[in-house]
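Here are a few notes to read alongside the structure. Please have it open as you go through the points.

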Amino acid sequence: MTDWDQMLPRGAEESLDEEGIEITRVSDILIRSDRPTSTAVAATLTANVRDDALSQAIDIQGGVVQLDRLARVEYHQSLQEIVDEKDKERAARRLGRLVGVVLKEPFANPSELKEKSRRTSAYRSWELKPQQDFEAAAKTHPEALKRLEWLRGELSKQGMMTTDSYQLALQAHHESGFFALLMRVVRGYICGDPKIRKMIDEAFKKIGRLGKAPTPETVVGAGGLTLGAYLVQLIPALGMLGAPVIAALILILYLLGSKAFCEWSGQLNTTNEEEG
């Protein structure tokens with residue numbers, strides 16, 4: 001811990017001093033630029049600590065909490081129960097659908113299903129709002145619109161042309177479709193470089209040595225924090241997508257591993273029906 005301490009030498013109870021600094025977010029952490037840190041991770045944080053996108057990545061634990069709340073509403077299960085499923089691809093699909101809900105939510109109306117979907121095990125469906133209502137929601141949720149506009153721009157580079165965000169939403173259709181479109185973009189960054197895939201796998205190796213079943217919080221604490229910060233550097237828009245999306249991506253990478261993730265994510269599409 002000494003190597004990380006960037007403050008001047010003081011007493012052991014410095015946090016109780018009147019000059020003590022309350023840490024409520026990563027940007028409250030002061031790192032002196034005139035004193036080099038001893039690890040590559042610290043160097044990364046030094047260069048980016050005041051960046052809002054990185055701050056969101058560092059708050060992955062908060063994203064885990066939000067995902068858990070959403071999972072309990074959508075699936076009537078905890079995030080832990082989903083992560084613990086034996087079928088890891090199914091668990092990844094269900095986590096991905098939660099990402100789709102996050103992206104789609106401001107532009108859709110939820111409805112309770114009479115019984116859970118046989119395909120997704122969800123107890124809710126999300127019906128896209130008519131175009132006029134969609135555009136009204138875009139005005140009241142500019143950050144949500146910004147996410148879709150970024151996604152539309154990235155997909156256009158791959159040859160998927162849509163006239164506006166509403167047409168993109170129609171193309172995505174279901175919640176899983178929104179996630180599939182996002183993965184078309186994200187996997188290009190992650191799967192295109194073997195060094196990145198190696199880093200992902202290395203980030204989670206220590207979890208296997210813990211001697212007990214990991215929780216989503218453990219996954220984040222044991223490697224996801226550093227990985228999340230790196231992924232935001234690699235794909236800056238992830239910070240804009242929010243901590244729950246970053247947390248879900250990290251959990252999916254943990255469940256599948258980088259190789260299986262790249263194979264699996266390449267097979268996702270927007271045509272699969274969710275209800276039924």
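1. A definition to start: rings of Phe, Tyr and Trp pair if their centres lie within 6.5 Å. In this predicted model, F107, F134 and Y166 form one aromatic cluster.

2. The structure holds five aromatic pairs. One of them is F107 with F134: the ring centres are 4.6 Å apart and the planes lie at 25°, so this pair is stacked. It links distant parts of the chain, with F107 in the loop between helix 5 and strand 1 and F134 in helix 6, 27 residues apart. Both F107 and F134 are buried.

3. F204 and Y254 make another pair, with ring centres 5.5 Å apart and planes at 65°, so it is edge-to-face. F204 sits in helix 10 and Y254 in helix 13, 50 residues apart. F204 counts as buried because its relative accessibility is 9%, whereas Y254, at 23%, counts as partly exposed.

4. One more ring to look at is Y75: R94 lies over its face, at 4.2 Å from the ring centre.

5. How do helix 8 and helix 9 cross, and at what angle? Their axes come within 7 Å and cross at roughly 110°, which means helix 8 is roughly perpendicular to helix 9. L168, A169 and A172 of helix 8 meet G177, F178 and L181 of helix 9. By class, this contact has five nonpolar residues, one polar and no charged ones.

6. Finally, R72 lies in helix 3 and, at 47% relative accessibility, counts as partly exposed. Apart from neighbours within four places in sequence, R72 is in contact with Q77 and S78. R72 and Y123 are 51 residues apart in sequence and 9.8 Å apart in space, C-alpha to C-alpha.

Conventions: Residues numbered from 1 in each chain as written. Predicted model: local features only at pLDDT ≥ 70, side-chain atom pairs only at ≥ 80, totals over all residues. Heavy atoms only, no water. Helix = DSSP H or I, 4+ residues; strand = E, 2+ residues; numbered from the N terminus. Buried < 20%, exposed > 50% of the residue type's maximum accessible area, 1.4 Å probe, protein only. Contact = heavy atoms within 4.5 Å. Axes fitted to C-alpha atoms, helices over the stretch in contact; angles between N-to-C directions. Parallel < 35°, antiparallel > 145°, perpendicular 65-115°, else oblique. Nonpolar A, V, L, I, M, F, W, Y, C, P; charged D, E, K, R; others polar. Phe/Tyr/Trp six-rings, centres within 6.5 Å; stacked < 30°, edge-to-face > 60°. Lys NZ or Arg CZ within 6 Å of the ring centre and 35° of its normal.
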